[in-house]
Amino acid sequence: MEYEDFLPYIEVKSGLSRLMNNKKLYASLLKKYLASTDFASMAEPLASGELEVAREKIHTFKGVSSNLSIAQNFELSRELEAIVKEQGDWTEKLAELKASMDATIPAIGRLVALFEAG
């Protein structure tokens with residue numbers, strides 16, 4: 001399996017380079033990402049009008065996605081954060097982020113399995 005197989009969701013080469021090519025550490029951080037990724041923590045505050053709480057949750061998710069080179073989630077959360085900050089209509093971008101997260105989760109699982117297999 002080639003690292004390009006994980007695009008556009010995960011920029012594996014970039015993520016590894018940030019961690020000095022430590023696949024074990026990258027796999028561990030990706031597992032933590034999976035365990036802590038919670039779409040509802042962003043969506044629920046938006047739905048209830050708690051825009052600042054939502055923006056903070058989105059901002060955190062954006063940062064972690066960036067650090068792990070989970071590219072598409074980073075880009076969509078960056079765009080969503082800007083929309084929320086400007087109090088624009090966030091519904092379409094939130095749906096795009098949800099779809100990206102749903103596609104990213106199995107990709108991360110495959111990548112972790114690849115790294116753990118050696």
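Serine 69 occupies the loop between helix H4 (51-67) and helix H5 (71-85) in this predicted model. Its backbone has a positive phi of about 60°, although the residue is not a glycine. Most residues other than glycine have a negative phi. Serine 69 is buried, because its relative accessible area is 4% and the cut-off for that class is under 20%. Leaving aside neighbours within four places in sequence, serine 69 is in contact with Tyr9, Ile10, Glu11, Ser14, Gly15, Arg18 and Tyr26. With one of these residues, glycine 15, a polar approach can be described: the backbone nitrogen of glycine 15 lies 3.1 Å from a polar atom of the serine 69 side chain.

Is glutamine 87 buried or exposed? Its relative accessible area is 63%, and the class of exposed residues begins over 50%, so glutamine 87 is exposed. Serine 69, by contrast, is buried.

The peptide bond leading from leucine 7 to proline 8 is cis, with omega near 5°.

Helix H2 covers residues 23-36, while helix H6 covers residues 91-117. These two helices pack at an angle of about 150°, and their axes are 9 Å apart. Angles over 145 degrees count as roughly antiparallel, and H2 and H6 are therefore roughly antiparallel to each other. Their crossing is left-handed. On the H2 side, the residues that take part are Lys23, Tyr26, Ala27, Leu30, Lys31, Tyr33 and Leu34, and they meet Ile105, Ile108, Gly109, Leu111, Val112, Phe115 and Glu116 in H6. By class, this contact has 10 nonpolar, 1 polar and 3 charged residues.

Beyond its neighbours within four places in sequence, leucine 30 is in contact with Leu68, Ile70, Ile108, Leu111 and Val112. Of these partners, Ile108, Leu111 and Val112 are among the H6 residues that meet H2. Leucine 30 and phenylalanine 6 are 24 residues apart in sequence, and their C-alpha atoms are 13 Å apart in space.

Which residues of H6 meet helix H3? They are Leu94, Leu97, Lys98 and Met101, and their counterparts in H3 are Phe39, Met42, Ala43 and Leu46. By class, the contact of H3 with H6 has 7 nonpolar, no polar and 1 charged residues. Helix H3 spans residues 39-47 and packs against H6 at an angle of about 170°, with the axes 11 Å apart. Since that angle is over 145 degrees, H3 and H6 are therefore roughly antiparallel to each other. Here too the crossing is left-handed.

Two further residues of H6 complete the picture. Serine 100 lies in this helix and counts as buried because its relative accessibility is 1%. Not counting residues up to four places away in sequence, serine 100 touches Tyr9, Gln72, Asn73 and Leu76. With asparagine 73, the side chain of serine 100 forms a polar contact of 2.5 Å. Tyr9 is also among the contacts of serine 69.

Alanine 95 is likewise found in helix H6. Its relative accessibility is 47%, so alanine 95 counts as partly exposed. Along the chain, alanine 95 and proline 106 are 11 residues apart, and their C-alpha atoms are separated by 18 Å.

Methods:
Residues are numbered from 1 along each chain as its sequence is written. This is a predicted model: local features need pLDDT of at least 70, side-chain atom pairs count only at pLDDT 80 or more; totals for chains, interfaces and linings use all residues. Side-chain values use heavy atoms; hydrogens and water are left out. Helices (H or I, at least four residues) and strands (E, at least two) are DSSP runs, numbered from the N terminus. Buried means under 20% relative accessible area, exposed over 50%, partly exposed in between (1.4 Å probe, protein chains only). A polar contact is a pair of N or O atoms within 3.5 Å; within protein, one must be able to donate a hydrogen and the other to accept it, and residues adjacent in sequence count only if both atoms are side-chain atoms. Contact means heavy atoms within 4.5 Å. Axes are lines fitted to C-alpha atoms, for helices over the stretch in contact, and angles run from 0 to 180 degrees between N-to-C directions. Angles under 35 degrees count as roughly parallel, over 145 as roughly antiparallel, 65 to 115 as roughly perpendicular and the rest as oblique. A crossing is left-handed if the near helix is turned anticlockwise from the far one by less than a right angle, and right-handed if clockwise. Ala, Val, Leu, Ile, Met, Phe, Trp, Tyr, Cys and Pro count as nonpolar, Asp, Glu, Lys and Arg as charged, and the others, Gly among them, as polar.
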